[in-house]
Amino acid sequence: MSENSCRLFKRCGGCQLKESYEEQLLWKQDKAERMLSGFAPCGKIIGMEKPYNYRNKVQHGFYTNPKRQIISGIYQSGSGRIVPCESCMLEDIKAGKIISTIRILMRSFRLFPYNPNTDNGLIRHVMIRKAHSSGEYLVCIVTSKSTFPSRKNFTAALLKAHPCITTIVQNVCTNPLPLTMGEQEIVLHGNGYIEDTLCGKKFRISAKSFYQVNPVQTEVLYRTAMDFAELTKNDRVLDCYCGTGTIGIIASDYCKEVIGVEINESAVKDAKKNAAMNNCGNVTFLCGDSGSFMEEMAKSGEKADVVFTDPPRTGSDRRFLKSLAKLSPERIVYISCGIESLECDLKQLRELGYTAKKIQPVDM
């Protein structure tokens, strides 16, 4: 992205690199090789053909300016300040138009942005999710309280303006932090979820589901992971930090059995529904800590041939990696969100007796 292509480049902070996309890929490749090539050969980074408007999850906050106008925009990185934005070069185009309509309807229905300083107002932020394969849209309106004046008329007006919307959900959140969500959900229209297809498998996406925001590159990432795993029909697979089960369900076609472990209870419920939807009879999802689960497996003499691990951006802690080494799988496929944490974890895995064979950067 060139510096002149987005007028919010320095103010927003969502994009940190101003060079052309080709130059960005070279910079990322150089960083990957500099930090990781000491462990294994580093493949050429897999970039996007069209690196714009790819984000299938869009979140905008609202505030009232001194002229009493309702403004929507993106939270500035590292602050609670909203930068006004009507179109973002990374976000889905139609999602931006839906948010613009919501802003207009808020004014018409006299629904004002929530102000944490005064505790007045209702609308905290809006999240739009798009199913890439089906084109379905989920709209989640996050409010400060469950009361929503004229909610039926508001919903009807939004659907009339955007018939592409499949479902609308109200989420009630009392947490003062920006872009957070609460436990209470009220479905205003539809089923409360949308469905997407990824690597030939169907997945249910609800407002709070974890789902990769770049659908095109997620397919590339997961297919690369399957290639690296070299799965056979005799393999028993463990999917750590499994979330809503995407990796494990995709892997289920190529192996004998998959066990997915995830500490988030709602994610496990989604994973079980996704497995049932795809008729995966060889997949089991369990709620628990992945490290503790591997320790118990090792104690009871159980084995896993392949372990997929997709930890948070901060990487894995020492206990998890030691548990992984105790389980002693033949192959580990490590999907990393950050080069720094991956470098640290690869050092520890090397100390624990594992050798990295190959590394493939994928631009997300």
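These notebook entries record what I looked up in this structure.

**Basis.** I worked from a predicted model, in which local features need pLDDT of at least 70 and side-chain atom pairs count only at pLDDT 80 or more, while totals for chains, interfaces and linings use all residues. Residues are numbered from 1 along each chain as its sequence is written, and side-chain values use heavy atoms, with hydrogens and water left out.

**Entry 1: the sheet.** I looked up an open sheet of 5 strands, ordered β12-β11-β10-β13-β14 with parallel pairing. Its edge strands, β12 (283–287) and β14 (331–334), each pair on one side only. On average, neighbouring strands of this sheet are turned by 15 degrees against each other, direction ignored. For these terms, strands are DSSP runs (E, at least two residues), numbered from the N terminus; two strands pair if DSSP finds at least two bridges between them; axes are lines fitted to C-alpha atoms, with angles from 0 to 180 degrees between N-to-C directions.

**Entry 2: β10 and β13.** β10 (residues 236–240) and β13 (residues 306–309) pair in the parallel sense over 4 bridges. D239 has F308 of β13 as its bridge partner.

**Entry 3: V307.** I found V307 in strand β13. V307 is buried, with a relative accessible area of 0% (buried means under 20%, with a 1.4 Å probe and protein chains only). Beyond its neighbours within four places in sequence, V307 is in contact (heavy atoms within 4.5 Å) with residues including L238, C240, L324 and I332. I also noted that the C-alpha atoms of V307 and K57 are separated by 29 Å, at 250 residues apart along the chain.

**Entry 4: the cavity.** I searched the whole structure for cavities of 30 Å³ or more and found 1. A cavity is a set of points on a 1 Å grid over the protein atoms alone where a 1.4 Å probe fits but cannot get out; a pocket is an open set with protein on both sides within 12 Å along at least five of seven lines; lining residues have an atom within 4 Å of a point. A volume is the space filled by probe spheres set on the points. The largest cavity holds about 40 Å³, and its lining consists of N56, K57, R129, K130, I205 and Y211.

**Entry 5: the second largest pocket.** I recorded about 340 Å³ of space here. The pocket is lined by 17 residues, of which F62, Y75, I82, Y114 and P116 are the closest to its centre. The largest share of the lining, 3 residues, comes from β1.

Notes: Buried means under 20% relative accessible area, exposed over 50%, partly exposed in between (1.4 Å probe, protein chains only).
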